[in-house]
Amino acid sequence: MYTMYMWNMLSVNPGYAGSADVLNATVVSRRQWVGIAGAPTTSGLLVHTPLRARSIGIGGSVIDDRIGPTRSTQVAGDFAYRIRMNERTRLAFGLKLGMSSLRMDLPSVPDTDVNDPIYQVAQRSSLTPNFGFGVFYWNRMAYLGLSIPKLLNTELFTTTETGKVRVHRSIQHLLLMGGHVFRLSDDLHFRPSFSVKATLGAPLSGDLSANFLYLEKLWAGLAYRTSKDLSAILSYQLSQQLRAGYAYDMTFSGLQGKQGGSHEVMLTYDFAFTKRLLRSPRYF
């Protein structure tokens, strides 16, 4: 889960690889529900670039997720084949190939029944391959993407005296994302964007955001998530190549008053060695 997903789509859609038209590196860190023990934390490094042929984009990522006694680390490579629809619009088909490492330290879970055999088992771990697929359609002012970041279900079992017990299951997520930039004046642009996630066995969830760009440097906006979260987003173009962003989420769900909100920080850098390669401003 990311609030600033519109600048971080490589994490979920391999078709995004190379869309910046320069070598781009992004570092993102998210702490969710601060103050709750075992709350989710996510850290990631993502890099992507077009190749000289311009019809190919490649990328790679390392993403680390921690939730309670569970830690998952994914290392993935991305490949995108890009088709020029017209002078300004492209369509990319992407493939993500990677390995996922999952570790569960069940004995560390507090306040459990000491006689429960599942929680007496030592730390469990697994290393599994996975792959994903994505389609990304974009021009300078708009984008639309559809992806399944992980196509294979993964499960982790532990063996007790009474037999084998499944302690973790990861299933597919189908993600739809889109956005459009509207020029309100020479100094002000408006970008609404959305994301929708469908997961088997879970309610459909979505996110709708509205961001304004002032003087091609300062982004400011709000987002609402169907899980009853309201987010504030700030991003500043520190230079033509470096941008920093911060998002704060507050919840109106049953967790309200029990945690200190969620924080997300992002840095992205374009390694452009000639000015003609820089696309300023970058809208997504």
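The side chains of Arg71 and Asp64 meet in a salt bridge, with N and O 2.9 Å apart, where a salt bridge is a side-chain nitrogen of Lys or Arg within 4 Å of a carboxyl oxygen of Asp or Glu. Asp64 also forms a salt bridge with Arg66, the closest N and O atoms being 3.2 Å apart. Asp64 counts as buried because its relative accessible area is 15%, buried meaning under 20%, exposed over 50% and partly exposed in between, for a 1.4 Å probe and protein chains only. Arg71, by contrast, is partly exposed at 31% relative accessibility, and Arg66 is partly exposed as well, at 39%. Side chains of opposite charge can pair when their charged atoms come close.

These distances come from a predicted model, in which local features need pLDDT of at least 70 and side-chain atom pairs count only at pLDDT 80 or more, while totals for chains, interfaces and linings use all residues. Residues are numbered from 1 along each chain as its sequence is written, and side-chain values use heavy atoms, with hydrogens and water left out. The mean pLDDT of the protein is 88, and 89% of its residues reach 70 or more, pLDDT being the predictor's confidence in each residue, from 0 to 100. Confidence is highest in strand 7, at a mean of 97, and lowest in strand 8 (residues 154–160), at 66; strands (E, at least two residues), like helices (H or I, at least four), are DSSP runs numbered from the N terminus. Where pLDDT is low, the predicted coordinates should not be read in detail.

A search of the whole structure finds 11 salt bridges. One of them joins the side chains of Arg225 and Asp207, at 3.7 Å from N to O. Because Arg225 lies in strand 14 and Asp207 in strand 13, this pair ties together parts that are 18 residues apart in sequence.

Apart from neighbours within four places in sequence, Leu222 is in contact with Leu208, Ser209, Ala210, Ser231 and Ala232, contact meaning heavy atoms within 4.5 Å. The C-alpha atoms of Leu222 and Phe212, which are 10 residues apart along the chain, are separated by 9.4 Å.

The loop between strand 13 (205–214) and strand 14 contains Lys217, which counts as partly exposed because its relative accessibility is 39%. Leaving aside neighbours within four places in sequence, Lys217 is in contact with Ser235, Tyr236 and Gln237. Gln237, found in strand 15 (residues 229–237), counts as buried because its relative accessibility is 9%. Beyond its neighbours within four places, Gln237 is in contact with Glu216, Lys217, Leu242 and Arg243, and its side chain reaches the backbone oxygen of Gln240 at 3.5 Å.

Turning to strand pairing, strand 10 (residues 173–180) runs antiparallel to strand 7 (residues 142–148), and six bridges join them; two strands pair if DSSP finds at least two bridges between them. Within this pairing, Leu144 stands opposite Gly178 in strand 10. Strand 10 is also joined by seven bridges to strand 12 (residues 188–199), again in an antiparallel arrangement, and the bridge partner of Leu176 in strand 12 is Val196.

Which residues touch the most other members of the largest nonpolar core? Of its 29 residues, they are Met4, Trp7, Met9, Phe136, Tyr143 and Phe284, a nonpolar core being a set of buried Ala, Val, Leu, Ile, Met, Phe, Trp, Tyr and Cys residues joined through side-chain atoms within 4.5 Å. Strand 6 (124–138), strand 10 and strand 14 each supply at least two residues of this core. Beyond its neighbours within four places in sequence, Phe136 has contacts that include Met9, Tyr143, Leu144 and Phe284, as well as Arg90 and Asn13. In soluble globular proteins, nonpolar side chains tend to be buried together.

Finally, His48 has its place in strand 2 (residues 41–50) and counts as buried because its relative accessibility is 2%. A polar atom of the His48 side chain lies 2.9 Å from the backbone nitrogen of Gly18.

Technical notes: A polar contact is a pair of N or O atoms within 3.5 Å; within protein, one must be able to donate a hydrogen and the other to accept it, and residues adjacent in sequence count only if both atoms are side-chain atoms.
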